[in-house]
Amino acid sequence: MDDQIRMGGFRILPPGVKNLLIVNTLLFFATIVFQSTGLCDLDKWLGLHYFSASLFYPWQFVTYMFMHANFEHLFFNMFALWMFGSAVENHWGTKRFLVYYFITGIGAALCHYLVIFFQLHPMVALFNQFLDNPSLETYRYLVENNKAVEFDSMLRNNLLVLQQSPQSLPELVNVTHNALDNYLNSINIVGASGAVYGLLLAFGMLFPNSYIYLYFLLPIKAKWFVVLYGGIELASGIFGTSDGVAHFAHLGGMLFGLLLIILWRRAERQHQNTYYYNFNDNGRGEGFFSRMSERIKSRKKEKYYVSTESGRPLSDEEYNARKVAEKQRIDEILDKISAKGYDALSKEEKDFLFHYSRK
């Protein structure tokens, strides 16, 4: 694997990263304007809510990635998106970069969902048991078994009221239902961090020995930087720092990124064009061309002295001209791979590479 970032064909702000930066920034300022004017609370509609909350909508699995809590949250996510995303997009091409970005962002949301489901399910089940069968006994059972500190005082006070006034049960049902719904709606995940951590993982795998300057001072290799931040997120998620950060969403982005890269690499190895461009190349295809050169040199020159079109022998001049033309064509295709990615090649270009590799 090529461990360094090559500047040949490198764009400081490739189109995928540029458009993501624009959309995130526009939505951040739109959120401020809409809230200040009372038009709409975009966080409520575009942030990711718990699946059983009344404010949950399926599109939030995507839109939550474009919402941010404050300017600091936006700035650091966008800086990391540019820092790691530009290198990854230049290496992969825009299409594969965007597919990876959105899959890791959605994967981060799913992992966060899984964690909070196990955290909230016992409490939600207790509330629903009372709401499905409201009575003094089921409410007392709810109070005695509730583990959610934020509900403890309210539940105990309402139990006293219910014991003194049994006729207040219908009103208590509405109060309990609203309290549960408000609590579930308050769980709102925003930010591109899950996808950004996926990009960090990709950067570490593509350029493991490139240096990242921690706090702009301390150099650390990308592979160890990934391990360090992954360990910090895991520890923070397990031991619960109560900092309002979705640590398991970050880990989910890295996990889905790892699985996706493994699947892509396996598919590339099985594909007939794996000779030309895979994740072990450096983006300009030098690894491919060196393999081609070794194959060509290992065979006798006389093998190519007969024209495949006419069947007649070729002169030295014709043979050399053909080799120069083929090499020029290969260089053009490799430059296209570097700029736009392998998927941007036409069928004719892919067939040419495959035919050339079989010589």
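Buried denotes under 20% relative accessible area, exposed over 50%, and partly exposed in between, with a 1.4 Å probe and protein chains only. The model is predicted: local features need pLDDT of at least 70, side-chain atom pairs count only at pLDDT 80 or more, and totals for chains, interfaces and linings use all residues. Residues are numbered from 1 along each chain as its sequence is written, and side-chain values use heavy atoms, leaving out hydrogens and water.

Next, display the whole of α1, residues 15-37. Helices (H or I, at least four residues) and strands (E, at least two) are DSSP runs, numbered from the N terminus. The 23 residues of α1 reach 33 Å from the first C-alpha to the last, close to the 33 Å expected at 1.5 Å a residue; the expected span is 1.5 Å times one less than the number of residues. Just after α1, select Gly-38, which takes a positive phi of about 75°.

Proceed to the aromatic side chains. The whole structure contains 27 aromatic pairs. Rings of Phe, Tyr and Trp (its six-membered ring) pair if their centres lie within 6.5 Å; planes under 30 degrees apart count as stacked, over 60 as edge-to-face and the rest as tilted. Select Phe-71 and Phe-75: their ring centres are 6.3 Å apart and their planes at 25°, so this pair is stacked. Both lie in helix α4, four residues apart, and are therefore separated by about one helical turn. Phe-75 is partly exposed, with a relative accessible area of 43%.

For an edge-to-face pair, select Trp-92 and Tyr-100, at 5.0 Å centre to centre and 65° between the planes. Trp-92 is buried at 4% relative accessibility, and Tyr-100 is buried at 0%.

Now show Phe-28, Phe-29, Phe-71, Phe-75, Phe-76, Phe-79 and Trp-82 together; they form one aromatic cluster.

Finish at Ala-222 in helix α10 (residues 222-239). Ala-222 is buried, at 0% relative accessibility. Leaving aside neighbours within four places in sequence, Ala-222 is in contact (heavy atoms within 4.5 Å) with Phe-203, Gly-204, Phe-207, Pro-208, Ser-210 and Ile-212. The C-alpha atoms of Ala-222 and Leu-206, 16 residues apart along the chain, are separated by 9.2 Å.
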